[in-house]
Amino acid sequence: MGIEIGRVIEELKKQGFSQGAQVLSATVSSLEDTGLIPHELQNGSTPEAASELETEWNRQVDKFVELGFHNVLKLSEEKYRESLPKFEAQPEEYKGRFDVPVLVETRIPARKQVKLAGIRDFLGGLKGADWKDPRGIKTPKKPYGAWLQDGSKYLDVSVDDVRKRLDGDEVADNLFDATALVIAYPEILDKHSIDVPGARVGSVRAPFFDRWLDEVELGCSWSGDAARDFGSGSRGSKVSS
């Protein structure tokens, strides 16, 4: 079936039929959950897109296995793969905004992942923590799949300003998100460095990833600094887990 129900729902909302859109969305979700219709109907996904997502999922999981994440968790490679969520199709409203699928591992401390990935950690003894989003958003405890933007949206904008500009369905990347992004797509750092607005170091600094010569580094800087060629990463609020 070629009908993209997700677009119908969005069109209903635009025309003022928000209650009808809610009912339609809930009905479709219920039918999907019971297996009576395929999941791709609501978001307009195609078999080709689903195949590409599956390929990308396998590539990122292969990288985690290569870095020994399964060993840290004392799981066999097979059990580790089974423990990770699949990507869900990109929501229609994310297209052109959050276009990068990323698998985020939260069961291993982010800085442990940094070390396993061979990234130089210049935070040393400094302790980091999540930035307290005033909306009460917290880092999921289980691994999740998410759709990110790579920092290019906020090039040359300070972390402090980014935190004020987040859209309603947008979440500032935490250190898990940013680490996963850099592990999956290290080539991003050839274009620009990545600030981590969903994390903090002390009260006035935020972490960042950059590349110096041939090495990827984790450091921190004042969150009010709008550094050239630095951009904050963020993701859509919907995740698969």
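**Entry 1: Ser232**

I began with Ser232, which is buried at a relative accessible area of 0%. My classes are buried for under 20% relative accessible area, exposed for over 50%, and partly exposed in between, with a 1.4 Å probe and protein chains only. I note that this is a predicted model: local features need pLDDT of at least 70, side-chain atom pairs count only at pLDDT 80 or more, and totals for chains, interfaces and linings use all residues. Residues are numbered from 1 along each chain as its sequence is written, and side-chain values use heavy atoms, with hydrogens and water left out.

I placed Ser232 in strand 10 (residues 230-232). Helices (H or I, at least four residues) and strands (E, at least two) are DSSP runs, numbered from the N terminus. I then listed contacts, meaning heavy atoms within 4.5 Å. Neighbours within four places in sequence aside, Ser232 is in contact with Gln149, Gly151, Tyr154, Val159, Val162, Asp195 and Pro197.

**Entry 2: Salt bridges**

I searched the whole structure for salt bridges and got 21. The criterion is a side-chain nitrogen of Lys or Arg within 4 Å of a carboxyl oxygen of Asp or Glu.

I looked up Arg81 and Asp62, whose side chains meet in a salt bridge at 2.3 Å, N to O. This pair links distant parts of the chain. Arg81 sits in helix 6 (residues 77-83) and Asp62 in helix 4 (residues 47-66), 19 residues apart. Asp62 is partly exposed, at 37% relative accessibility.

Next I took Glu66 and Lys63, which form a salt bridge with the closest N and O atoms 3.7 Å apart. Why are Glu66 and Lys63 separated by about one helical turn? They are 3 residues apart in helix 4. I have Glu66 as exposed, at 61% relative accessibility. Lys63 counts as partly exposed, at 29%.

Then came the side chains of Glu93 and Lys238, which meet in a salt bridge at 2.7 Å, N to O. Glu93 lies in the loop between helix 6 and strand 1 (100-104), and Lys238 in the segment after strand 11 (234-236), so this pair ties together parts that are 145 residues apart in sequence. Glu93 is partly exposed at 28% relative accessibility. Lys238 is partly exposed too, with a relative accessible area of 46%.

I also found a network of salt bridges that links Arg97, Lys153, Asp167, Asp169 and Glu170.

**Entry 3: Nonpolar cores**

A nonpolar core here is a set of buried Ala, Val, Leu, Ile, Met, Phe, Trp, Tyr and Cys residues joined through side-chain atoms within 4.5 Å. Which residues touch the most other members of the largest nonpolar core? Among its 27 residues, I got Val102, Leu181 and Phe209. At least two residues of this core come from each of strand 1, helix 7 (110-116), strand 4 (144-149), helix 9 (175-184), strand 7 (199-201) and strand 9 (215-222). Helix 9 gives the largest share, 7 residues.

I followed up on Leu181. Not counting residues up to four places away in sequence, Leu181 touches Val100, Val102, Leu148, Asp150, Asp173, Pro186, Ile188 and Ile194.

I logged a second, separate core of 16 residues, including Phe87, Tyr94, Phe98 and Leu103.

**Entry 4: Pocket and cavity**

I used a 1 Å grid over the protein atoms alone. A cavity is a set of points where a 1.4 Å probe fits but cannot get out. A pocket is an open set with protein on both sides within 12 Å along at least five of seven lines. Lining residues have an atom within 4 Å of a point. Grid points are joined across faces, edges and corners, and a volume is the space filled by probe spheres set on the points.

The second largest pocket has a volume of about 300 Å³. Of its 18 lining residues, I found Gly128, Ala129, Asp130, Leu175 and Phe176 closest to the centre. Helix 7, strand 3 (128-130), helix 9 and strand 7 each supply at least two residues of the lining. I sorted that lining by class: 10 nonpolar, 3 polar and 5 charged residues. Ala, Val, Leu, Ile, Met, Phe, Trp, Tyr, Cys and Pro count as nonpolar, Asp, Glu, Lys and Arg as charged, and the others, Gly among them, as polar.

I counted 1 cavity of 30 Å³ or more. The largest cavity holds about 110 Å³ of space. Its lining includes Asp130, Trp131, Lys138 and Arg235.
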